[in-house]
Amino acid sequence: MTQQGEDPNQQARFIESLGRFTREHRAGQWSGTFSAFMHDILPHAPERVTRSSHQYIWDMLRATVSVDENGRHRCALFADELFGIDEALERVIDYFKAAAAGSEVGRRLLLLLGPPSGGKSTMVILLKRGLEEYSHTDEGAMYAIAGCPVHESPLHLVPHSLRAASRATYGIDIAGELCPHCRARLDNDFAGDFLQMPVERFFVSEAGRSAIGTYAPHDPSTADLADLVGSVDLSKVAEYGDEGDPRAWSWSGAVYAASRGVLEMIEILKVKREFLYLLLTLTQERNVKVSRFPLIYLDETILAHTNLAEFRKFLQESENEALLDRMVIIQVPYTLDYKEEARIYAKLISSAAPAFRDVHLDPHVLHAAAVFAILSRIQDADQKELDLVRKVRIHADEEVDGVTRGDARRIRDKEQAPDEGLAGVSPRFVINALSNAIIQSNQKSLSTMDVLLALKDAIESDARIDPKKKRKWVDYLVLTRKDFYNRWVKEDVHKALFVSFAQEAQDLLDKYLDEVEASLDNRQVKDLITNEERRPDERFLRTVEERINVSESGKQSFRQEVVRKAMGAYKRGVKFSLDSHLQLNEAVQQYLFEQRRDVLRLVSSTRRPDDEVRTKVSAVAQRLVDEYGYDSHSAREALNYVTTLLAQE
């Protein structure tokens, strides 16, 4: 990872972004009487003033949502923080879209279900941060009765007998009742003159307990409904003389803080059943009942999340069926795309301590760790190693020989394995192993092999993992090295080596072209060494073509295509080079690599390589540093590792 925070231009850009954010989110304060609100605020955007919590969240999301070429929603709110769980995110977006339109799902509690460290909490946090920012924009302006403990809409002041007229006048429907606190205040302080009730613009703030509430379960034996709905404030009873006076009630419950916004319920299935019934009544009927008061109207969206273990335990109790029927359950599994998984690790490392960020990771460290994690999440009851490797590559949207697009789609859609991604190695496990490798390293550099060994140590030293699973996970590390890392590192060295022999590659291309033209014209070729006429070198041609899987039956059409492109280049006055034909470029690279692998063997041998070989290999190492993301340490490690692989072939 590179050093951060030392680029003056980057600092200037960040300061500029702060200013831009302030300008875009500079919110206009407003306060006045309900009469002024009806004259100055409501007529300009009546549909915004009457938005429900679901509609408000959907408007916030809609401002950041775009639709990709496949018709899927892409939300900028999640783009830089959540990776590889697009299907779950799309279902969450669809939930709010449907709820905002008035669908029945808006009367259901939204439950995010998935394994630990899978992104559930982060998703809710991002929604809350999005609401906070949106409330500071003109489009996200919200108004409430000033001093109301539940931030209720000022339109609750409109008498029921006049609400039909509001529909005819403004095209809006007014729902909801004044809370007991505001009703008492209206009677006691304003003698019932609701036009004089104070109204203000308010802003969503989790820290300020404004339109965001959070409840985390604790010891069930001491849990009290008062944490959600409040209780009598004994210190105020003496002042107001009656426990039934709304002013003597503590409005500190989480459901009041969340009114007009979001209530986050952490590990919801750990709470008492009476808590669940209260929450489900709240989301279905939009009210709560507490002693001494009539029903209290509350409009809020309940976002809950829990892990699979708690959910399975919940399913086993038959009396919970009615509760399940009132929930919209969205699974948030681990990603099965190793490239997206690697982005999760990169994000976690970028937010870590500087000592971790400053350690250089070779370009395959995160991808190799991610492949191992994905292997642990794929169901492999009766599958061979080759099948597992194919599935990993398919989930990463890579082309796999022998797999049709339809088969690949079915695998990605998990049609035969719907539970894939709900168990296995978590990102936290991998990051912990990576952190240990960084701490134990004497170098400011980690190679892929360092990290694979660190993961092996983490598996073997974890007492929570049973021996059978340990053996399986260690086998996955071997599979990761053998079928992924070996291929990646050889390709890097292959490409870097190829550039060092660029002229040889061009000569090889010219030779291939001469041989092909002679073969197609059925004529002799003059040997440049003996000066004798000979037949085209069919063995050489096939050796090159087989590198890119050109079959015996398809060789003629391939050769004709090459010649056509060469003739086209000639007519345009352009030299036919390796860049002129990508497939042939790949074939020549692989052929040359096979021919020149002895150069790498010479470097690691006990014999001293000559100056020319040493110079070329030094150039390869430097190119790995300059163009492929290695540092000097990891480049040497890569070259030595590839040399060992070649010696074993």
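Me: When do two strands count as a pair, and in which sense do β5 and β6 pair?

Reply: Two strands pair if DSSP finds at least two bridges between them. In this predicted model, β5 and β6 pair in the antiparallel sense over 4 bridges. One of the facing positions joins Ala144 to its bridge partner in β6, Glu200.

Me: Through what do strands of a sheet pair, and what is the order of the strands here?

Reply: Strands of a sheet pair through backbone hydrogen bonds, and the arrangement is either parallel or antiparallel. Here 3 strands form an open sheet, ordered β1-β6-β5, with antiparallel pairing. Because β1 (31–33) and β5 (142–145) stand at the edges with a single partner strand each, one side of each has no neighbour in the sheet. On average, neighbouring strands of this sheet are turned by 30 degrees against each other, direction ignored.

Me: Over how many bridges do β1 and β6 pair, and which residue in β6 is the bridge partner of Gly32?

Reply: Strand β6 (residues 198–202) pairs with β1 over 3 bridges, in the antiparallel sense. The bridge partner of Gly32 is Val199, while Thr33 stands opposite Pro198.

Me: Turning to a helix, what span should α6 have, and how far apart are its end C-alpha atoms?

Reply: Helix α6 (residues 86–100) has 15 residues, so at 1.5 Å a residue the helix should span 21 Å; the end C-alpha atoms are 21 Å apart, which agrees.

Me: Which residues in α6 are buried, and what phi does Gly102 take just after the helix?

Reply: With buried meaning under 20% relative accessible area, the buried residues in α6 include Ala88, Leu89, Val92, Ile93, Tyr95 and Phe96, as well as Glu90. Just after α6, Gly102 takes a positive phi of about 95 degrees.

Conventions. Residues numbered from 1 in each chain as written. Predicted model: local features only at pLDDT ≥ 70, side-chain atom pairs only at ≥ 80, totals over all residues. Heavy atoms only, no water. Axes fitted to C-alpha atoms, helices over the stretch in contact; angles between N-to-C directions. Expected span 1.5 Å × (residues − 1). Buried < 20%, exposed > 50% of the residue type's maximum accessible area, 1.4 Å probe, protein only.
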